[in-house]
Amino acid sequence: MSNVTSLRVADLPQNAPTAFHLRPDAEVLNDIKSELELLGLRKLSFTGELRSQGKRDWALTGKLGATVIQPCVVTLEPVTTRIDIPVSRVFVAEWTNPDEPEYEIPEDDETEPLGVEIDPHQVMIEALSLALPQYPRKDGAELGSTGYTEPGKQPMTDADVKPFAGLAGLRDTLKKDE
(Lines give C-alpha, C1' and ligand atoms only; values in the text may rest on other atoms or scores of the structure.)
Protein backbone atom coordinates (compact mmCIF):
# COMPACT_ATOMS: atom_id res chain seq x y z
CA MET A 1 0.00 0.00 0.00
CA SER A 2 1.17 3.45 -0.77
CA ASN A 3 0.37 6.78 0.81
CA VAL A 4 -0.96 8.60 -2.27
CA THR A 5 -3.20 11.58 -2.80
CA SER A 6 -3.97 11.58 -6.52
CA LEU A 7 -3.74 8.83 -9.11
CA ARG A 8 -3.50 9.31 -12.88
CA VAL A 9 -6.07 7.06 -14.52
CA ALA A 10 -3.69 6.36 -17.44
CA ASP A 11 -1.13 4.93 -14.97
CA LEU A 12 -3.57 2.56 -13.19
CA PRO A 13 -3.28 -1.16 -14.01
CA GLN A 14 -6.40 -2.58 -15.68
CA ASN A 15 -5.93 -6.12 -14.39
CA ALA A 16 -5.12 -5.56 -10.71
CA PRO A 17 -6.49 -3.34 -7.94
CA THR A 18 -4.49 -0.34 -6.75
CA ALA A 19 -4.53 -0.10 -2.95
CA PHE A 20 -4.30 3.15 -1.02
CA HIS A 21 -3.95 4.10 2.63
CA LEU A 22 -4.34 7.71 3.71
CA ARG A 23 -3.50 8.86 7.22
CA PRO A 24 -3.08 12.65 7.09
CA ASP A 25 -0.42 14.32 9.22
CA ALA A 26 -1.18 17.01 11.82
CA GLU A 27 -0.98 19.90 9.33
CA VAL A 28 -3.41 18.28 6.87
CA LEU A 29 -5.74 17.29 9.75
CA ASN A 30 -5.78 20.92 10.85
CA ASP A 31 -6.63 22.07 7.30
CA ILE A 32 -9.49 19.56 7.05
CA LYS A 33 -10.72 20.52 10.52
CA SER A 34 -10.85 24.17 9.46
CA GLU A 35 -12.49 23.40 6.12
CA LEU A 36 -15.26 21.36 7.79
CA GLU A 37 -15.57 23.82 10.72
CA LEU A 38 -14.85 21.17 13.36
CA LEU A 39 -13.58 21.76 16.89
CA GLY A 40 -11.29 18.74 16.58
CA LEU A 41 -10.33 15.91 14.23
CA ARG A 42 -8.32 12.82 15.22
CA LYS A 43 -7.50 9.34 13.95
CA LEU A 44 -8.53 10.09 10.36
CA SER A 45 -7.75 7.23 8.02
CA PHE A 46 -9.02 6.13 4.64
CA THR A 47 -8.01 2.77 3.21
CA GLY A 48 -9.25 1.01 0.14
CA GLU A 49 -8.59 0.21 -3.47
CA LEU A 50 -9.29 1.32 -7.00
CA ARG A 51 -10.08 -1.27 -9.64
CA SER A 52 -11.19 -1.14 -13.22
CA GLN A 53 -14.85 -1.75 -13.86
CA GLY A 54 -15.57 -2.63 -17.43
CA LYS A 55 -13.35 -1.17 -20.13
CA ARG A 56 -13.17 2.49 -19.08
CA ASP A 57 -14.85 2.95 -15.67
CA TRP A 58 -13.24 2.71 -12.24
CA ALA A 59 -14.61 1.69 -8.83
CA LEU A 60 -13.23 2.99 -5.54
CA THR A 61 -14.09 1.08 -2.36
CA GLY A 62 -12.75 1.83 1.07
CA LYS A 63 -13.28 2.37 4.74
CA LEU A 64 -13.22 5.78 6.40
CA GLY A 65 -12.51 6.18 10.09
CA ALA A 66 -12.29 9.37 12.14
CA THR A 67 -12.99 10.90 15.50
CA VAL A 68 -14.60 14.32 15.18
CA ILE A 69 -15.43 16.98 17.75
CA GLN A 70 -18.28 19.38 16.99
CA PRO A 71 -20.16 21.96 19.06
CA CYS A 72 -23.43 20.76 20.64
CA VAL A 73 -26.42 22.42 18.93
CA VAL A 74 -27.95 23.16 22.35
CA THR A 75 -25.08 24.01 24.70
CA LEU A 76 -22.16 24.62 22.28
CA GLU A 77 -20.09 22.24 24.43
CA PRO A 78 -17.80 19.82 22.54
CA VAL A 79 -19.42 16.59 21.32
CA THR A 80 -17.13 13.74 20.25
CA THR A 81 -18.33 11.29 17.57
CA ARG A 82 -16.58 8.24 16.15
CA ILE A 83 -17.20 7.67 12.44
CA ASP A 84 -16.49 4.30 10.78
CA ILE A 85 -18.19 3.94 7.40
CA PRO A 86 -17.74 2.13 4.09
CA VAL A 87 -17.16 4.39 1.09
CA SER A 88 -17.69 3.56 -2.55
CA ARG A 89 -17.60 5.61 -5.74
CA VAL A 90 -17.85 4.66 -9.40
CA PHE A 91 -16.04 6.94 -11.84
CA VAL A 92 -17.79 6.77 -15.21
CA ALA A 93 -16.09 7.64 -18.51
CA GLU A 94 -19.38 8.10 -20.41
CA TRP A 95 -20.78 10.67 -17.96
CA THR A 96 -23.68 12.84 -19.10
CA ASN A 97 -25.15 15.70 -17.13
CA PRO A 98 -28.93 15.66 -16.80
CA ASP A 99 -30.70 18.08 -19.17
CA GLU A 100 -33.50 19.04 -16.78
CA PRO A 101 -32.82 22.23 -14.79
CA GLU A 102 -34.56 20.79 -11.71
CA TYR A 103 -32.93 17.34 -11.76
CA GLU A 104 -32.94 15.65 -8.35
CA ILE A 105 -29.90 13.53 -7.52
CA PRO A 106 -30.73 10.31 -5.65
CA GLU A 107 -29.43 10.19 -2.09
CA ASP A 108 -27.43 7.00 -2.62
CA ASP A 109 -25.81 8.09 -5.89
CA GLU A 110 -22.14 7.12 -5.83
CA THR A 111 -21.46 7.84 -9.50
CA GLU A 112 -19.07 10.58 -10.58
CA PRO A 113 -17.57 11.65 -13.89
CA LEU A 114 -14.17 10.15 -14.66
CA GLY A 115 -11.44 12.74 -15.13
CA VAL A 116 -7.72 12.44 -15.83
CA GLU A 117 -7.06 11.68 -12.14
CA ILE A 118 -8.88 10.06 -9.23
CA ASP A 119 -8.05 11.64 -5.88
CA PRO A 120 -8.77 9.43 -2.84
CA HIS A 121 -7.91 12.40 -0.60
CA GLN A 122 -10.83 14.42 -2.04
CA VAL A 123 -13.14 11.41 -1.76
CA MET A 124 -12.07 11.08 1.90
CA ILE A 125 -12.94 14.71 2.70
CA GLU A 126 -16.27 14.48 0.86
CA ALA A 127 -17.22 11.22 2.61
CA LEU A 128 -16.25 12.63 6.01
CA SER A 129 -18.28 15.77 5.36
CA LEU A 130 -21.35 13.70 4.44
CA ALA A 131 -20.94 11.43 7.50
CA LEU A 132 -20.78 14.25 10.07
CA PRO A 133 -23.76 14.45 12.42
CA GLN A 134 -25.90 17.41 11.29
CA TYR A 135 -27.13 18.25 14.79
CA PRO A 136 -24.64 16.91 17.34
CA ARG A 137 -26.13 16.95 20.83
CA LYS A 138 -24.41 16.36 24.14
CA ASP A 139 -26.02 13.59 26.22
CA GLY A 140 -28.86 15.04 28.29
CA ALA A 141 -28.82 18.44 26.56
CA GLU A 142 -32.35 19.73 26.01
CA LEU A 143 -33.82 22.92 24.70
CA GLY A 144 -35.61 24.90 27.37
CA SER A 145 -38.65 27.05 26.76
CA THR A 146 -38.71 30.81 26.77
CA GLY A 147 -41.83 32.96 27.03
CA TYR A 148 -42.08 36.53 25.84
CA THR A 149 -45.05 38.78 26.54
CA GLU A 150 -46.04 42.21 27.77
CA PRO A 151 -45.30 42.95 31.43
CA GLY A 152 -48.12 41.75 33.69
CA LYS A 153 -49.53 39.19 31.23
CA GLN A 154 -49.12 35.41 31.18
CA PRO A 155 -46.86 34.21 28.31
CA MET A 156 -48.31 31.67 25.85
CA THR A 157 -47.07 28.12 26.14
CA ASP A 158 -46.84 25.43 23.48
CA ALA A 159 -50.02 23.89 24.89
CA ASP A 160 -51.88 27.20 24.39
CA VAL A 161 -51.24 27.13 20.66
CA LYS A 162 -52.53 23.61 20.10
CA PRO A 163 -55.92 23.72 18.34
CA PHE A 164 -57.79 21.50 20.81
CA ALA A 165 -56.19 22.81 24.03
CA GLY A 166 -59.18 25.12 24.67
CA LEU A 167 -61.66 22.29 24.13
CA ALA A 168 -59.88 20.11 26.67
CA GLY A 169 -60.16 22.92 29.24
CA LEU A 170 -63.86 23.40 28.42
CA ARG A 171 -64.47 19.64 28.75
CA ASP A 172 -62.81 19.62 32.17
CA THR A 173 -64.95 22.59 33.28
CA LEU A 174 -68.15 20.90 32.11
CA LYS A 175 -67.26 17.69 33.97
CA LYS A 176 -66.84 19.68 37.20
CA ASP A 177 -70.29 21.27 36.75
CA GLU A 178 -72.04 17.89 36.41
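Trainee: Let's jump in at valine 90. Leaving aside neighbours within four places in sequence, which residues is valine 90 in contact with?
Mentor: Valine 90 is in contact with Gln53, Trp58, Ala59, Glu110, Thr111 and Glu112. Contact means heavy atoms within 4.5 Å.

Trainee: Before I go on, what kind of model is this?
Mentor: This is a predicted model, where local features need pLDDT of at least 70, side-chain atom pairs count only at pLDDT 80 or more, and totals for chains, interfaces and linings use all residues. Residues are numbered from 1 along each chain as its sequence is written, and side-chain values use heavy atoms, with hydrogens and water left out.

Trainee: Back to valine 90. Where does valine 90 lie?
Mentor: In strand E5, residues 78–92. Helices (H or I, at least four residues) and strands (E, at least two) are DSSP runs, numbered from the N terminus.

Trainee: And how accessible is valine 90?
Mentor: Its relative accessible area is 24%, so valine 90 is partly exposed. The cut-offs: buried is under 20% relative accessible area, exposed is over 50%, and partly exposed is in between (1.4 Å probe, protein chains only).

Trainee: What separates the C-alpha atoms of valine 90 and leucine 50?
Mentor: 9.5 Å, with the two residues 40 apart along the chain.

Trainee: Leucine 50 again: which residues does threonine 18 touch, not counting those up to four places away in sequence?
Mentor: Leucine 50 is one of them. Threonine 18 lies in strand E2, residues 18–22.

Trainee: Is threonine 18 buried or exposed?
Mentor: Buried, because its relative accessibility is 16%.

Trainee: Zoom out. How many helices and strands does the chain have?
Mentor: Four helices and seven strands. Read along the sequence, the pattern is β-β-α-β-β-β-β-β-α-α-α.

Trainee: How much of the chain is buried?
Mentor: Buried residues are 28% of the 178 residues. The chain exposes about 12700 Å², and carbon and sulfur atoms supply 50% of that. Those areas come from the Shrake-Rupley method with a 1.4 Å probe; for residues, only the protein chains shown count as cover.

Trainee: What share of the contacts comes from residues 24 or more positions apart?
Mentor: 60% of the contacts with a separation of 6 or more.

Trainee: New topic, salt bridges. How many are there?
Mentor: The count is five. The rule is a side-chain nitrogen of Lys or Arg within 4 Å of a carboxyl oxygen of Asp or Glu.

Trainee: Which residue does aspartate 11 pair with?
Mentor: Arginine 8, with the closest N and O atoms 3.1 Å apart. Aspartate 11 is exposed at 55% relative accessibility. Arginine 8 is partly exposed at 42%.

Trainee: And arginine 51?
Mentor: Arginine 51 forms a salt bridge with glutamate 49, closest N and O atoms 2.8 Å apart. Arginine 51 has 39% relative accessibility and counts as partly exposed. Glutamate 49 is partly exposed too, at 25%.

Trainee: What about glutamate 77?
Mentor: Its side chain meets that of lysine 138 in a salt bridge, 3.7 Å from N to O. Glutamate 77 sits in the loop between strand E4 (57–71) and E5, and lysine 138 in the loop between helix H2 (120–131) and helix H3 (158–161), so the pair ties together parts 61 residues apart in sequence. Glutamate 77 is partly exposed at 37%, and lysine 138 is partly exposed at 34%.

Trainee: Now the surface. Which residues form the negative patch?
Mentor: Asp25, Glu27, Asp31 and Glu35. Patch residues have over 30% relative accessible area and no salt bridge; like charges are joined within 9 Å, and nonpolar side chains (Val, Leu, Ile, Met, Phe, Trp, Tyr) within 5 Å. Lys and Arg count as positive and Asp and Glu as negative, while His and the chain ends are not counted. The place of a charge is NZ of Lys, CZ of Arg, CG of Asp or CD of Glu.

Trainee: Where is glutamate 35?
Mentor: In helix H1, residues 26–35. Glutamate 35 counts as exposed, at 53% relative accessibility. Asparagine 30 has its place in helix H1 as well, and is partly exposed at 40%.

Trainee: Last one. Which residues make the nonpolar patch?
Mentor: Leu167, Leu170 and Leu174, with about 290 Å². Leucine 174 lies in helix H4, residues 165–177. Leucine 174 is partly exposed, at 48%.
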